[in-house]
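Good morning. I will go through one structure, and I will keep it short.

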Amino acid sequence: MSAVMRSRTVAWPRRLVHVVLIALALVFLVLFLLLPLATVFVEAFRQGVAPYLEAIKQPEALSAIKLTLLVAVIAVPLNLVFGVAAAWAITRFEFPGKALLGAFIDLPFSVSPVVSGLVYVLLFGAQGWFGPWLDDHGIKIIFAVPGLVLATIFVTLPFVARELIPLMQAQGSEEEEAARVLGASGWQMFFRVTLPNIRWALLYGVLLCNARAMGEFGAVSVVSGHIRGLTTTMPLEVEMRYNEYEYVGAFAIASLLALLALLTLALKSLLEWRYGDEIAAHAPGGH
Amino acid sequence: MTLELSRLHRRFAGFQALDDVSLSIAPGEFLALLGPSGSGKTTLLRILAGLDYPDSGSVHNDGENFLAQPARERRIGMVFQHYALFRHLTVVENIAFGLRVRPWRLRPSRGEIRARVDRLLRRVQLEGMGARYPAQLSGGQRQRVALARALAVEPDMLLLDEPFGALDAQVRVTLRRWLRELHEELELTTVFVTHDQEEALELADRVAVMNNGRIEQVGTPEVIYQQPATPFVCEFIGKVNRFNVWSGNQGFAAGSWSLHDDPWQGRYTEAVAYVRPEQLRLAAPASQPAWEARLRHIYLAGSVAHLDLYVASLDLSLEADVASEDLSRLGLQAGMELRVAPRGAVLFPLDRDGRPLSAERWIWQARSPVPA
């Protein structure tokens, strides 16, 4: 009885700490996350729905949306294939340089996106290593769509692999070996055993990869050249309009990106809630 | 099929998993690969399954090069240590897997697959469990699904990697007997890996004892137990007392106990002797050489009692086993003094560096066995 009483007297300051901490976190969240997010939509609709739709329907806006989708449609599947292959190699084979490969996969997370973009300019730009040769053959990479795709692939490379490696390591290769002894070919083993075991983690990785591919600014900005209607993706279009004091237009497109982010977040939460045990617990580096 | 394994070597980074292993596996036999972890037994099994390859050496199947065949063509059924059931497939789908992945020309019809799966479910006593997922099964049930899955492809040989390792003691014994019966019924060549000597001796027709990538001895369980070929086999199989004996005027002896013999005719001065707990006489007559030993403790373990004996003159602890019912017959009590002498022993002479020489093994038996 006395023990219960004592624990109550101890509990009060402790509960106060709980309340203070929770309040602090909430204030922080509202101030730095929810408020800016709300601002995006408020600013976008400041002059009503008609100007909002008008801003999105402009040809430059439509072409930016198309370009963003095009870049994502190329970059995401490529990184899906690369991510699965890299995760497979790292978790299933022993080879020299394996640790190095694992470390290099993380490189895009640790390098500033601007540097990632610059690297491609130095390689393929007019003054770059391959610049003259590309010029002679009439191939344009920098300040063109291929450059945007390359920069995006580079920046989003780790997402799928980083998601799969811990899971495939934990699952081990026994099931795949069992499939082989039972007579499955390599492809049968992959599609009937490996893929079903990693499908939710793979989807999760692709989701994060896609969100980053569509939202990337830094690397893309360096290689884009900002040619309106040709090489501006949505984030670049937002910046350009903002700089030209076209606030409704800037926030209208920003609101689309924000919607995409919210959708990704919802799907991500759904996956985490439903298949949490099949998804590696850690979330790979920031956007 | 008769498998001839010849001079297999396999090296992993930093350690020799297989070191010159030769072995033949007869059709229909039940062979145990027994050894501590890291002895190479699982590597050997994986090579047979086609999941690993030796650095050198060969495996022939009735004269055909077995290693040249890919895993899927070897007609092997394998049960993995942790069963490796496909977690996203039901029991039925797991068992049918090996049939469904066949090229369409060789694939049985749907109805035929279904019928075969049903037969196997009955055989492994899992009727009505077909729609469950592996996560919904107990350890023993999972093991039987793994076995049914391996049998579904009608293999020529069954490989089992520590088949009972992950089960609790009761289930283990039941499944062991059941597997033995299944083997007698199917007459399928079966090779299983285990670190449990009791399991190997009880189940197998033949046991290959492995240590540090080498086969120490191959033989029937009786031979392995009664005529161990090396000190390692003596120590690994069953419990054993170990002590040294020295050559004297009347042959080899240890303290007041003497063997009255020297089969090596003076070539060695020291040997190591292994005596099983059930080979110790506890009330040797005064006419026979024996040790004075003190009975320090009696550990009663069901039908058997383990006696902890101490020979003060040699500073030697011994363990003796007697049937529990003999305790009162012999009037045994902790603290009493006994005249103790081995009835039999396995001895290996020691070379000058103190290494035991397996090739010079001597199996000694007391001349006139008198009941204790």
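Which domains does the domain assignment of chain B give? The assignment, whose bounds are automatic or from a database, gives domain 1 (3–227) and domain 2 (239–365). The centres of these two domains of chain B, taken over C-alpha atoms, are separated by 40 Å.

Some ground rules. This is a predicted model, where local features need pLDDT of at least 70 and side-chain atom pairs count only at pLDDT 80 or more, while totals for chains, interfaces and linings use all residues. Residues are numbered from 1 along each chain as its sequence is written, chains are lettered from A and ligands numbered from 1 in the order in which they are written, and side-chain values use heavy atoms, with hydrogens and water left out.

Now the interface. With contact meaning heavy atoms within 4.5 Å, chain A contributes 18 residues and chain B 23 residues. Together the chains bury about 1900 Å², with 58% of that on carbon and sulfur atoms; buried area is the accessible area (1.4 Å probe) lost when two parts are put together, summed over both. Of the area that chain A buries against chain B, 36% comes from A:Glu174, A:Val181 and A:Leu182, more than from any other three residues.

Next, charges. The rule finds two salt bridges across the interface of chain A and chain B, each a side-chain nitrogen of Lys or Arg within 4 Å of a carboxyl oxygen of Asp or Glu. One of them joins the side chains of A:Glu177 and B:Arg46, at 2.6 Å from N to O.
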